[in-house]
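Biologist: I would like a close look at a single part of this model, together with whatever surrounds that part.

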Amino acid sequence: MAISLASAKTTTSSTSLETPSREIRRLMTLLEASQALSGTLDLRAALHRVLEILGRHHGAIRSTLALLHDDDKEIVVEAAEGAVKSNARARYQVGEGITGRVVQSGKPIVVPRVSREPMFLNRAAERPELSSEELTYISVPIVLNRKTVGAMGVDLRFKADRDYDRTVKFLNIVASMIAQALKVQRLIESERQRLVDENTHLRQELKERYDFSNIIGTSGPMRQVYEQIAQVARTNTTVLLRGESGTGKELIAHAIHYNSPRAKRPFVKVSCAALPESLIESELFGYEKGAFTGAQGAKKGRFELAEGGTLFLDEIGELNVTTQVKLLRVLQEREFERLGGTETIRTNVRLITATNKDMEHAIAGGAFREDLYYRLNVFTIFVPPLRERKPDLLQLADYFLEKFSREHNKNIRRISTPAIDMLVSYHWPGNVRELGNALERAVVVCDGQVIHAHHLPPTLQTAEASGTVTRTTLSEALAAYEKDLIQDALKTTRGVRAKAARLLNTTDRIFNYKVRKYGIDWRRFKI
Ligand SMILES: Nc1ncnc2c1ncn2[C@@H]1O[C@H](COP(=O)(O)OP(=O)(O)OP(=O)(O)O)[C@@H](O)[C@H]1O
Ligand SMILES: [Mg+2]
């Protein structure tokens with residue numbers, strides 16, 4: 001009969017004194033087991049070693065170690081040693097057999113005489129020794145953070161004088177050492193998994209941010225830009241990006257780099273406007289220790305950091321004249337020295353610059369060196385302002401709508417027709433950046449599934465821009481809102497007026513009257 005430890009004491013003789021050599025063997029076992037478990041990160045190999053040590057020092061005829069798997073539903077034998085039949089990983093349900101019961105209860109089970117245990121009957125074939133000798137089976141739980149996560153079972157020769165209490169205590173110590181090793185391994189595994197997830201996420205983010213296909217817009221002018229990007233990306237040519245603020249110059253600089261043979265090397269950005277004149281040189285070229293007061297150590301400049309990759313000099317039009325001279329030399333000779341340094345450093349960097357300034361004007365006024373300009377202006381891409389590519393506007397608006405809805409956890413489906421009209425008639429001096437900001441604001445203030453005209457920022461709500469919301473009286477504002485709702489309903493029902501009337505909970509007669517009153521062309525909603 002299987003007995004729990006409490007009864008084991010009373011039903012078995014625990015009279016014999018442990019011989020010193022047995023104690024020493026036990027200590028040896030523990031020492032070797034702890035070495036096996038701490039010596040490797042391969043847990044399965046370590047578990048085999050521990051079981052093998054139990055066999056060698058402790059006379060275990062066979063031993064198995066089983067762990068809970070699959071959301072705690074199944075127990076799988078992870079390691080087995082000794083006279084075991086096959087290497088197949090046996091499986092048990094929680095509560096099934098002795099292993100299943102130990103895992104379920106978290107308590108050890110001792111079977112002094114296996115031949116008398118009904119639960120072993122159907123597995124008698126696995127223990128051929130039983131025909132000639134009696135066996136004792138002991139299973140102890142593996143407990144991790146107060147939860148039973150497995151069991152270790154051993155077959156021992158039956159000895160009438162065996163002290164089950166001490167044997168169980170000893171096996172419990174081995175089990176707790178295994179639990180510690182499991183804990184470490186699971187921590188390592190979860191940390192590894194976290195790093196893998198983070199890495200996948202970052203790669204995805206990088207790809208999304210800088211992938212060519214992430215530049216939205218299929219208008220004629222943009223297609224021309226894509227062609228130029230594709231042409232120049234595979235070369236080492238210096239590129240100048242020109243265009244108004246917010247047109248996507250930085251996005252294009254990324255696209256060139258990430259589609260070039262230098263893609264796996266660094267992309268380094270320096271904003272010439274963000275750094276004070278005194279700092280820009282040391283930032284670009286680095287400095288040696290003691291080059292100036294405060295230079296306590298040597299520092300690499302951005303040119304060195306971008307080695308083999310791309311250096312993006314944003315707002316190049318703001319670069320001061322002294323630095324312009326130094327930059328010109330780098331472009332001509334492909335070499336420079338750190339500030340305060342004497343060693344000449346060779347550089348292999350593709351340069352991309354960007355500006356929204358009128359460079360010709362700056363040259364005429366003496367603020368920008370003409371010779372440098374010609375070196376930068378090898379391949380120029382003009383990025384068109386948003387107002388010159390109206391077809392892109394709606395695509396971009398949809399893109400931002402989806403992006404910000406996701407970011408702000410909202411379920412906004414579309415933009416109402418009057419709001420679209422407003423977007424289209426506005427002149428967008430801040431270009432794509434301004435459009436993105438306008439849509440983010442709209443998403444934040446929108447409380448339904450549709451962006452309406454009144455969700456758009458006040459700068460768009462001018463008479464020229466919309467003609468809908470600048471009126472001051474309440475009745476006019478309501479009328480504008482009503483018109484908006486009607487157009488919206490027509491859009492939803494694809495121009496079916498009866499359905500639209502029902503959607504707004506009004507009659508066909510009133511609906512048609514309002515459609516005529518507001519001069520809404522319902523046919524344009526038909527598909
Ligand atoms: N075609 C586009 N598709 C998607 N997003 C775009 C596009 N063009 C610009 N953007 C977005 O608009 C914002 C402004 O773009 P970017 O910073 O590249 O402009 P810029 O030309 O460098 O402006 P500035 O001259 O002011 O520095 C960014 O958030 C960018 O992701
Ligand atoms: Mg920029």
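Biologist: Does C446 count as buried or exposed, and what is its relative accessibility?

Modeller: A word on conventions comes before the answer. This is a predicted model, in which local features need pLDDT of at least 70 and side-chain atom pairs count only at pLDDT 80 or more, while totals for chains, interfaces and linings use all residues. Residues are numbered from 1 along each chain as its sequence is written, chains are lettered from A and ligands numbered from 1 in the order in which they are written, and side-chain values use heavy atoms, with hydrogens and water left out.

C446 counts as buried, at 2% relative accessibility; buried means under 20% relative accessible area, exposed over 50% and partly exposed in between, with a 1.4 Å probe and protein chains only. C446 is placed in the loop between helix 15 and strand 18, where helices (H or I, at least four residues) and strands (E, at least two) are DSSP runs numbered from the N terminus. Leaving aside residues up to four places away in sequence, C446 touches K410, I412, I451 and H455, a contact being heavy atoms within 4.5 Å.

An oxygen atom of ligand 1 is 2.5 Å from a side-chain N or O atom of S245, and a backbone N or O atom of I216 lies 2.9 Å from a nitrogen atom of the ligand. Taken alone, ligand 1 exposes 630 Å², of which the protein buries 83%; accessible areas come from the Shrake-Rupley method with a 1.4 Å probe, and for residues only the protein chains shown count as cover.

Helix 16 has 19 residues (474-492) and should span 27 Å, which agrees with its end C-alpha atoms, 27 Å apart; the expected span is 1.5 Å times one less than the number of residues.

Some backbone angles in this part of the chain also deserve attention. Most residues other than glycine have a negative phi. N409, in the loop between helix 13 and strand 17, has a positive phi near 55° and is exposed, with a relative accessible area of 75%. W428, in the loop between helix 14 and helix 15, likewise has a positive phi, of about 45°, but W428 is buried, with a relative accessible area of 0%. Just after helix 16, R494 takes a positive phi of about 50°.

As for the setting, the protein chain has 18 helices and 18 strands, and 44% of its 527 residues count as buried. Among contacts between residues at least 6 apart in sequence, 67% join residues at least 24 apart.

Technical notes
Polar contact = N/O pair within 3.5 Å; in protein donor to acceptor, adjacent residues only side chain to side chain.
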